[in-house]
Every structure is written in structure tokens, then in C-alpha cells.
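This report goes through some helix contacts, a sheet and several salt bridges. Keep the structure open while reading.

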Amino acid sequence: MEGPGRAAAVTGAKPRANGCSGVGHGTLRNGYVRGLPAPDTQVNHIVHNGGLYKRPFNEAFEETPMLVAVLTYVGYGVLTLFGYLRDFMRQWKIEKCQNATEREEQKDFVPLYQDFENFYTRNLYMRIRDSWNRPICSVPGAKVDMMERVSHDYNWTFTYTGRVIKDIINMGSYNYLGFAQKAGTCQEAAAKVLSQYGAGVCSTRQEMGNLDKHEELEKLVARFLGVESAMAYGMGFATNSMNIPALVGKGCLILSDELNHASLVLGARLSGATIRIFKHNNMQSLEKLLKDAIVHGQPRTRRPWKKILILVEGIYSMEGSIVRLPEVIALKKKYKSYLYLDEAHSIGALGPSGRGVVDYFGLNPEDVDIMMGTFTKSFGAAGGYIGGKKELIDYLRTYSHSAVYATSMSPPVVEQIITSVKCIMGEDGTTVGKARVQQLAENTRYFRRRLKEMGFIIYGNEDSPVVPLMLYMPAKIGAFGREMLKRNIGVVVVGFPATPIIESRARFCLSAAHTKEMLDRALKEIDEVGDLLQLKYSRHRLVPLLDRPFDETTYEETED
């Protein structure tokens, strides 16, 4: 999708929803030009949205071809019918039942297990269960070693053969900057701290678990983010789920993007605040909710909301899209609300200096009220952080459940983060960190461009290192993962309930540790498997424009 106000436009075209405009003989939808414009029609790219965007913002979510959507529904329909048939056979002991069931004496109780998701698990998920939870036995770097396993009962149980599959190209780990490694300065520093401090702290920060290393880490993170203060937590998921309830409660309103991560969703639900959902990255939808919230207030009483908190992510991990942060900040200021930004996937992976989506758009960190992120991805460690005003962090130190009840971070993990952050900032006396950030950006653009040229449907922003390749059909989920593993490429395939039931996909995560040779080999194998499984669904071809001031690309729909 093009950024609002920056969509391709033709003289006299009328604006449409989300910043799109009518174009010549077709319309712009989801970032693509439908139909071929007349030869004498000039396509003017990029109109800045009131100066909010200082750089091109190109995202694409190509529509599912109608035939593919129909066949996907038919595939799930056939699997569901066979699932009911197999359940019938299990009930009459014709087929052995290996799934969780109620005990005989509980048959008249409200069922614990017989819901749709359990039906899905035993009849659909179990067929492709070998595509997940594969055990690796090495550092999750650019290449990994994997333990081979087989199943003799259709994926209900697995047996290890004792063989190790060596040198699998790792296209699935969140190792964006390549700091997940067993050698180098990070490993040496962590090993030194391990010998000095030990592996665990065995206490909370408020009791006997507050080390000088924790204090050093928080000061460094605050400096890295450009905020007054920061606090570190031992678990990324709990950073969201345990801190949001400390910030909002009953009488408050949360406006949440429809594709927010489960940790944000759980934190919002635990808070007791009213939750309203806006369409993904759709500023018209968000502004309408903000207007309604201010005009109408709370239900029944019509009192003003105590707080309005907007929840967004930097990079959405299943879509590969980047938040329209300049517009979100503009709306937040206009309607006097608060902004909570989850940078789990964007910190380290975006921006010229690796400082995340705020750095990527060239914005002021002070415009984001709560900056959250994790250390589990770009930094090759564990845990999470929250940054912001000193008053905010002091409040969370007292009222956050993660701060009060959770055990402190392990000292070697803390040192891994400190060393990697200093490397990114250049405070280690080298330019290695900056080179990694640049390498990741180059790898991302190259990999995405090549996949689009091959004819795959690729979601997300051109600068996002999360690259979803659409599979759609249920049979192709397992087939793609297995075929890639045969070719020594480790990939992550994703289906329901992590995605909508007909939008199954493979998700690649790029790393600065990937060499061009690795990417070329992976692309060659993906191309081959794409032909084998007929995954090249895209109906668009790349068409370079003669007049494109920001070196952008538009798309024209082909007839086939």
C-alpha cells in the first residue's frame, strides 16, 4: 500500500480511502495500478502527505486471485469433511483415537476439548505437524544444524534417528543483525560475565536482584533510544502483557491495530480497559475511532475517557508491514491521546543507525509516549524494555507486575545486550554495527525484489526484513516446508490460528549474517519449489517508470 497522500495520481483524479486515487483506465488498490494507463497519460508518483514523510513508503498487499481463494476454501472444506468422517470412525473404534478426550465419567459435563480449534488440531494441523518445532542443535546463526526425526503414526509422535542435518541455511530466525553467534566480542564478554556473576540472580529487582549490570544496561538503552529513562525486563512477551495493565484500567480506552501481537492483545484484555479495534495501518479508521471516543465519551455515562491509548507495532511480524508512524503521531497530537509503540521487530532492524521505526522516519523519540521493544531479535539475547519519560519509568518500577514479581535478567544475557548495543552505536571503536545495519537493509531489498520478479505474492513494506510469501492452500503449507528442508533451507510456514484461515504463508526473516551466495542459493531453491508447487500466484509484473523521482516501481496487471 502506498502511504496516504503519496499514492500514484493522475490529473483530475479524486482522492479515495486511505490516500489512494483513481488512475487512468484502472484504479490504485493495495499499492498496485490496475489496468494499463493510456500512453500519453503521465503518472505522477509521490505527493508528500503534508511533509509527514521524508522518505518513500512503499507497501504491497496484492489481492488473492479468485481461483486461488475458491480452491483454498474447497481444500479446507474437503479436509473438514474427512475430519468429521475420521471423528465418526474414532467414535466407533474403527480408527485409533490419539487426541485428548474427556474421561468416561465426564461425558455429561461441558466438553473441555471438543471445540473447533481441537478439531482443527487433530484433523488438519496433525497432518503437517512435522513442519513445526523442529529441534536444532547449534547456534541459530546464518546456518544451523538440525536433528532428524521421523514419525510412524502420522505425526502424533516423533522418533529421533540420531542423524544431524548439517549446514541448513536459516531463513526463519529473528537474527536480524547476526548477533546470535558462538564467537566474537559478544560471546567473549558474556562468558567473562558468566564467570564473574554466574548464570542466575535468584531474586527480583526490588529485593536482592538489582545488579550494577542491570543499571548499566538501562542507562545504555535510554541513550540508544534517545529517551530520558528505560527499564529492562526478563521476558519480551511479559513486557507487553504485564505493563499495559499498569498503564490503563477501567474507564480508559485502548485503540488497537487489528493485527497487533498476542502480547499486546493479552495486555489490553488484562487491563480491564475498553478495547476498540481499527483496521490495519488505516489512519481513517483510527481517526474515526478517536473522534467518536472524544465526542461520545464512555458508554452509558458519556463521561470523558480517563485516557486514550493507541497500541501499534513498528513492524508487524506476520504481514511484514511498517506502521505509518508519522500519521499516527499526528493523530495522537491532534486528539491528545497517548501512543504505545511495540518495536519488537523494528528495533535494530530499521533506520540508518538501527534505532528502529522512529529513526527510520526521522522522528523525535519524545513524540512516542511509551517505547517498547525486545532484546530477543536484533540483539541475539532475551527480554524486553520500556523507554520514555523518567516519571513513566519510575511509576512502572513500582506498579509493573513484571518489575515487582519477575526474577531479574541473567547477567550473561545482560552483557550480550550491552555489547551488541554498543556495537550498533559504534561505541566499541568499530564500524561493525553500522555495517550490519546497512547489510540487513541491502539483503532485505534484494531478497524482496527477486521474489517479486519470480512471480510470488509478497506482503509488506519493501524495507521490512520480515518477508511473507503467500501459500494459501492447506496442502501447500506442509509441502513447502518439507521441500525446502530437503534442499537444506530452513523456513517457517504459518497457518491458522496465527493467520486468517485462507492466508497461510511462509515467512522469511532476513539477517545481516546472510551472504549474497546464501540468499542466491535460497532464492534458486524457492524458485524451483515455487514451480513444483505452483505458488507463483502474482498477476503483476514489474514495470519501471520513466519518471519516478524516488526510484519507485509501479505494477501493471497481466492478462494471464
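## Terms and model

Two strands pair if DSSP finds at least two bridges between them. Helices (H or I, at least four residues) and strands (E, at least two) are DSSP runs, numbered from the N terminus.

This is a predicted model, in which local features need pLDDT of at least 70 and side-chain atom pairs count only at pLDDT 80 or more, while totals for chains, interfaces and linings use all residues. Residues are numbered from 1 along each chain as its sequence is written, and side-chain values use heavy atoms, with hydrogens and water left out.

## The sheet

Three strands form an open sheet: the sheet has 3 strands in the order β15-β18-β17, and the pairing is antiparallel. At the edges are β15 (466–472) and β17 (492–494), each of which pairs on one side only. From one strand to the next, the twist averages 30°.

Strand β15 runs antiparallel to β18 (residues 504–509), and 6 bridges join the two. In this pair, tyrosine 472 is found opposite serine 504 of β18.

## Two helix contacts

Two packed helices are described by the angle between their axes and the distance between the axes. Axes are lines fitted to C-alpha atoms, for helices over the stretch in contact, and angles run from 0 to 180 degrees between N-to-C directions. Angles under 35 degrees count as roughly parallel, over 145 as roughly antiparallel, 65 to 115 as roughly perpendicular and the rest as oblique.

The axes of α1 (residues 66–91) and α2 (residues 116–123) cross at roughly 90° and come within 10 Å. Helices α1 and α2 are therefore roughly perpendicular to each other. In contact (heavy atoms within 4.5 Å) are Tyr76, Thr80, Gly83, Tyr84, Arg86, Asp87 and Arg90 of α1 with Phe119, Tyr120, Arg122 and Asn123 of α2. By class, the residues of this contact are 4 nonpolar, 3 polar and 4 charged. Here Ala, Val, Leu, Ile, Met, Phe, Trp, Tyr, Cys and Pro count as nonpolar, Asp, Glu, Lys and Arg as charged, and the others, Gly among them, as polar.

Helices α5 (residues 236–247) and α10 (residues 390–399) have axes that come within 10 Å and cross at roughly 105°. This makes α5 roughly perpendicular to α10. Helix α5 contributes Asn243, Ala246 and Leu247, and α10 contributes Leu392, Tyr395, Leu396 and Tyr399. The contact of α5 with α10 has 6 nonpolar residues, 1 polar and no charged ones.

## Salt bridges

How many salt bridges does a search of the whole structure find? The search finds 33. A salt bridge is a side-chain nitrogen of Lys or Arg within 4 Å of a carboxyl oxygen of Asp or Glu. One of them joins arginine 90 and aspartate 87, at 2.8 Å from N to O. These two are 3 residues apart in helix α1, or about one helical turn. Both arginine 90 and aspartate 87 are buried (under 20% relative accessible area; exposed is over 50%, partly exposed in between, with a 1.4 Å probe and protein chains only).

Lysine 334 and glutamate 287 form another salt bridge, with their closest N and O atoms 3.0 Å apart. This pair links distant parts of the chain, 47 residues apart: lysine 334 is in α8 (residues 325–334) and glutamate 287 in α7 (residues 283–296). Lysine 334 counts as exposed, at 54% relative accessibility.
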